[in-house]
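Biologist: I would like to learn how to read a model like this one, feature by feature. Could we go through it together?

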Amino acid sequence: MTHSLPPHDPQQRFTSHQELAWLLNGLLQPAVRQQFWLFLFDAEHRLRDPIIPFEGLPANPHEVHETSDMGRVPFAAVLLQRIAWVSDVAKAASMVGVWERPGPERFTATDLRWARSIAHGAGETAGVPRVRSLFVLHDTGLRLIAPDDYI
């Protein structure tokens, strides 16, 4: 399932973590399920369509998954390959990821495992755009995951 943007200024640029958080808070509701949201941006930091939620992700990004095109690989590799494909189609220069999961604001081990897998794997997977920010969407809002949190 993909989501389209609400009416907005397509020329609006989102250059800071605060501006990104403002945008995401306007587009997302508090967490209701475990999923990963992909937001793509062009080289000028303008949001691109589509906005995609990836559902059915395991708690462990290293869990092996069978695919028809990649064989048996860690689930994080599957997600990153799908992100690379969508990013190419959308002509994205960067991405923001939001790990949605019900629960408190405090980071969980799963949150940090996924953040680490996305951040590190993006640099190793051809076609994945630069990761600008990673967030957790929880019961009461949104929280930035800084690199110091998951390194």
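Modeller: What follows takes the sheet, then the helices, then some backbone details.

Modeller: The model is predicted: local features need pLDDT of at least 70 and side-chain atom pairs count only at pLDDT 80 or more, while totals for chains, interfaces and linings use all residues. Residues are numbered from 1 along each chain as its sequence is written, and side-chain values use heavy atoms, with hydrogens and water left out.

Biologist: How do I read a sheet, and in what order do the strands stand here?

Modeller: Strands of a sheet pair through backbone hydrogen bonds, either parallel or antiparallel. Helices (H or I, at least four residues) and strands (E, at least two) are DSSP runs, numbered from the N terminus. Two strands pair if DSSP finds at least two bridges between them. Here 5 strands make an open sheet with mixed pairing, in the order β2-β1-β5-β6-β7. β2 (47-55) and β7 are at the edges with a single partner strand each, so one side of each has no neighbour in the sheet. From one strand to the next, the twist averages 25 degrees.

Biologist: In which sense does β5 pair with β1, and in which sense with β6?

Modeller: β1 and β5 are antiparallel, over 7 bridges. Strand β5 (residues 94-100) and β6 are parallel, also over 7 bridges. F41 stands opposite S94 in β5, and S94 stands opposite R130 in β6. Further along, E100 stands opposite L137 in β6.

Biologist: What about the pairing of β6 with β7?

Modeller: Strand β6 (residues 130-138) and strand β7 (residues 141-145) pair in the antiparallel sense, with 5 bridges. The two form a hairpin with 2 residues between them. V136 has R143 in β7 as its bridge partner.

Biologist: Is β5 buried or exposed?

Modeller: Buried means under 20% relative accessible area, exposed means over 50%, and partly exposed is in between (1.4 Å probe, protein chains only). In β5, 7 of the 7 residues are buried, so the strand is largely enclosed by the rest of the structure. Both of its faces are covered, with S94, V96, V98 and E100 buried on one side and M95, G97 and W99 on the other.

Biologist: Which residues does S94 touch?

Modeller: Contact means heavy atoms within 4.5 Å. Leaving out residues up to four places away in sequence, S94 touches F39, L40, F41, D42, P129, R130 and R132. S94 lies in strand β5 and is buried, at 2% relative accessibility.

Biologist: Now the helices. At what angle do α2 and α3 cross?

Modeller: Axes are lines fitted to C-alpha atoms, for helices over the stretch in contact, and angles run from 0 to 180 degrees between N-to-C directions. Helix α2 (residues 75-90) and helix α3 (residues 109-124) have axes that come within 10 Å and cross at roughly 55 degrees. That makes α2 oblique to α3; angles under 35 degrees count as roughly parallel, over 145 as roughly antiparallel, 65 to 115 as roughly perpendicular and the rest as oblique.

Biologist: Which residues make that contact?

Modeller: On α2 they are F75, A76, L79 and L80, and on α3 they are W114, S117, I118, G121 and A122. By class, the contact has 7 nonpolar, 2 polar and no charged residues. Ala, Val, Leu, Ile, Met, Phe, Trp, Tyr, Cys and Pro count as nonpolar, Asp, Glu, Lys and Arg as charged, and the others, Gly among them, as polar.

Biologist: Where does helix α1 lie?

Modeller: Helix α1 (residues 17-27) lies across β1 (35-41), β2, β5, β6 and β7, and runs at about 50 degrees to β6. N25 is in helix α1 and is partly exposed, at 46% relative accessibility.
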